[in-house]
Amino acid sequence: VACVARALVADARGSGGDDEDGDSDDGGDAAPAADVAEMEAVIAEIERVGGDDYVVTDSQRAAALIDAERALRDEGIAAGLAPAAVDAMIAAFKGVTLSTLRAAERVPYPHGDAMPSRPPTLVGVEARVAEVAARLWGDGIAVGEVTSESEGGAAGGAGGSATTHAGAGRVAVTQAVAGMGGVGKTTVAVVYVLTHGGLYRRGVLWVDASSVDRAIAAYRRIAVVELGWEVEESESDGDVVRRLFAYLREAAAPQRWLLVLDNADDPAALEAAGLIPPDDACRNGHLLLTSRAGDAALADALHIAAPLRLSTLPLRQAATVLLRVATGEAAAEVDEGVMAEREGATHAADDDDDDDD
């Protein structure tokens with residue numbers, strides 16, 4: 001369906017197919033009115049195909065599959081995939097049946113601007129992400145693989161660094177990335193989702209928790225856009241949130257889920273508004289917060305005893321970030337000799353200040 005939709009959009013934009021001579025016809029941009037008319041015709045055709053009396057002939061089916069396979073192959077090549085990877089993708093496509101697609105469950109995942117994008121210039125974030133993963137899953141967790149050791153660590157993380165969100169049983173592990181503004185808390189969470197999101201078969205829910213209103217809006221977005229639920233205007237915010245928590249409650253191992261509460265600087269207000277999953281909804285899940293809140297506030301609201309607290313970058317890493325931003329080179333590195341000279345001068349200046357005192 002996605003391949004056909006992309007092809008329809010391309011046609012509507014005037015990129016066309018083959019002309020009468022068999023050559024590719026790039027065409028010109030279609031007029032907006034023509035676009036609307038064509039898409040209305042497409043909608044009518046979809047409704048007709050969806051009717052019980054519509055029958056697809058073998059030739060139509062074969063033509064559609066050939067077109068879809070060609071679109072997939074072109075897309076894979078354009079994305080820079082190796083030929084073997086493209087062939088594997090086509091083989092998987094050919095093996096999919098309609099019943100398989102209908103049985104596939106829709107799971108939430110942040111798309112578009114729902115989650116901040118990964119900054120182009122990063123230094124030292126990998127170690128922080130690895131620490132988050134170890135606290136949530138236990139030592140030795142591998143991307144895309146849930147080992148027996150990680151299953152066992154899911155109730156306490158690495159050495160109990162994370163905190164269970166309920167008193168007993170298989171429950172959510174709660175962890176916070178804390179620190180003052182601008183030290184990279186959200187970036188750590190974003191990179192964690194990008195590198196470990198595949199471990200969460202029940203989905204990843206990203207919530208802007210900077211205020212109660214924004215958190216509610218995020219929960220509604222997840223329900224309507226990412227899960228495709230029908231939400232009536234008369235349905236209260238609390239009802240929508242409770243439906244989502246019921247969805248999380250239904251998760252069974254190994255269908256874990258991840259709920260990220262970004263910028264949760266007032267965890268007590270979120271808890272009071274019912275925006276933190278209750279204990280009975282937290283089985284087989286992970287809660288990850290980014291917050292400026294102090295240890296006491298996190299402990300009181302969510303019983304997080306030892307958040308991962310970020311500070312400012314060391315001098316060498318800070319200089320590397322500045323160099324990469326200034327030059328636009330993502331792999332630029334600070335000259336070791338220059339850094340050693342600068343650090344030596346800094347220490348000498350500090351010693352002079354001490355002598356003056």
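These legends walk through several close-up views of one predicted model.

Local features here need pLDDT of at least 70 and side-chain atom pairs count only at pLDDT 80 or more, while totals for chains, interfaces and linings use all residues. Residues are numbered from 1 along each chain as its sequence is written, and side-chain values use heavy atoms, with hydrogens and water left out.

**View 1. The whole chain, before zooming in.**
The chain has 14 helices and six strands. Both are DSSP runs numbered from the N terminus: helices are H or I with at least four residues, strands are E with at least two. Of the 357 residues, 33% count as buried; buried means under 20% relative accessible area, exposed means over 50%, and partly exposed is in between, with a 1.4 Å probe and protein chains only.

**View 2. Helix 9 against helix 10.**
Here helix 9 (residues 212–226) packs on helix 10 (residues 237–249) at an angle of about 55 degrees, with the axes 9 Å apart. The axes are lines fitted to C-alpha atoms, for helices over the stretch in contact, and angles run from 0 to 180 degrees between N-to-C directions. The two helices are therefore oblique to each other: angles under 35 degrees count as roughly parallel, over 145 as roughly antiparallel, 65 to 115 as roughly perpendicular, and the rest as oblique. Helix 9 passes helix 10 in a left-handed crossing, a label used if the near helix is turned anticlockwise from the far one by less than a right angle, with right-handed used if clockwise. On the helix 9 side, look for Ile216, Tyr219, Arg220, Ile222 and Ala223; they meet Asp237, Val240, Val241, Leu244 and Phe245 of helix 10. Sorted by class, the residues of this contact are eight nonpolar, no polar and two charged. For that sorting, Ala, Val, Leu, Ile, Met, Phe, Trp, Tyr, Cys and Pro are nonpolar, Asp, Glu, Lys and Arg are charged, and the others, Gly among them, are polar.

**View 3. Helix 6 against helix 8.**
Helix 6 and helix 8 pack at an angle of about 70 degrees, with their axes 9 Å apart. That makes them roughly perpendicular to each other, and their crossing is right-handed. Val125, Arg128, Val129, Val132, Ala133, Leu136 and Trp137 from helix 6 meet Thr187, Val188, Val191, Tyr192, Thr195 and His196 from helix 8. The tally for this contact is nine nonpolar, three polar and one charged residues.

**View 4. Aromatic rings that pair up.**
The structure holds four aromatic pairs. Rings of Phe, Tyr and Trp (its six-membered ring) pair if their centres lie within 6.5 Å; planes under 30 degrees apart count as stacked, over 60 as edge-to-face, and the rest as tilted. One of the pairs is Trp137 with Tyr200, which is tilted, at 5.4 Å centre to centre and 50 degrees between the planes. This pair links distant parts of the chain, since Trp137 is in helix 6 (residues 125–137) and Tyr200 is in the loop between helix 8 (185–196) and strand 3 (203–208), 63 residues apart. Trp137 and Tyr200 are buried. Another pair, Tyr219 with Phe245, is edge-to-face, at 5.8 Å centre to centre and 85 degrees between the planes. It also ties together distant parts of the chain, with Tyr219 in helix 9 and Phe245 in helix 10, 26 residues apart. Tyr219 is buried with a relative accessible area of 1%, and Phe245 is buried at 4%. Trp137 turns up again in an aromatic cluster with Tyr192 and Tyr200.

**View 5. Ala218 and its neighbours.**
Ala218 is in helix 9 and counts as buried, at 4% relative accessibility. Leaving out residues up to four places away in sequence, Ala218 touches Trp206, Val207 and Asp208. Ala218 and Asp208 are 10 residues apart in sequence and 6.4 Å apart in space, C-alpha to C-alpha.

**View 6. Two loop residues with positive phi.**
Asn263 sits in the loop between strand 4 (257–262) and helix 11 (267–272). Its phi is near 60 degrees, a positive value in a residue other than glycine. Asn263 is partly exposed, at 27% relative accessibility. His303, in the loop between helix 12 (295–302) and strand 6 (308–309), has a phi near 60 degrees. His303 is exposed, with a relative accessible area of 52%.

Definitions and conventions:
Contact = heavy atoms within 4.5 Å.
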